[in-house]
Amino acid sequence: MKEERYYLALDEDEQSILIRALNDEKTALMRQGKAVDAVDELIVKVGKAPLKKFKVVERSACFAR
């Protein structure tokens with residue numbers, strides 16, 4: 001069975017907020033003495049995510065004629 005993948009469209013500010021939130025979660029887990037490997041992997045994935053340009057069409061523009 002093929003592994004499902006999810007894609008998010010984030011601007012620079014949203015990516016920064018996501019990395020900061022993951023870092024805060026990592027800090028909280030470290031204080032509790034829990035493993036942080038999964039959070040570390042997510043921080044790297046989000047930080048190194050490739051930039052892909054695409055066109056966004058608003059719904060109101062599609063139906064307005």
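1. A crossing is called left-handed if the near helix is turned anticlockwise from the far one by less than a right angle, and right-handed if clockwise. By that convention the crossing of α1 and α2 is left-handed, helices being DSSP runs of H or I with at least four residues, numbered from the N terminus.

2. This is a predicted model, in which local features need pLDDT of at least 70 and side-chain atom pairs pLDDT 80 or more, whereas totals for chains, interfaces and linings use all residues. Residues are numbered from 1 along each chain, and side-chain values use heavy atoms, without hydrogens or water.

3. The angle between α1 and α2, taken from 0 to 180 degrees between N-to-C directions of lines fitted to C-alpha atoms over the stretch in contact, is about 165°, and their axes lie 10 Å apart. That makes α1 roughly antiparallel to α2 (angles over 145 degrees).

4. In the contact (heavy atoms within 4.5 Å), α1 residues including L18, L22 and L29 meet α2 residues including V39, I43 and V46.

Conventions. Helices (H or I, at least four residues) and strands (E, at least two) are DSSP runs, numbered from the N terminus. Angles under 35 degrees count as roughly parallel, over 145 as roughly antiparallel, 65 to 115 as roughly perpendicular and the rest as oblique.
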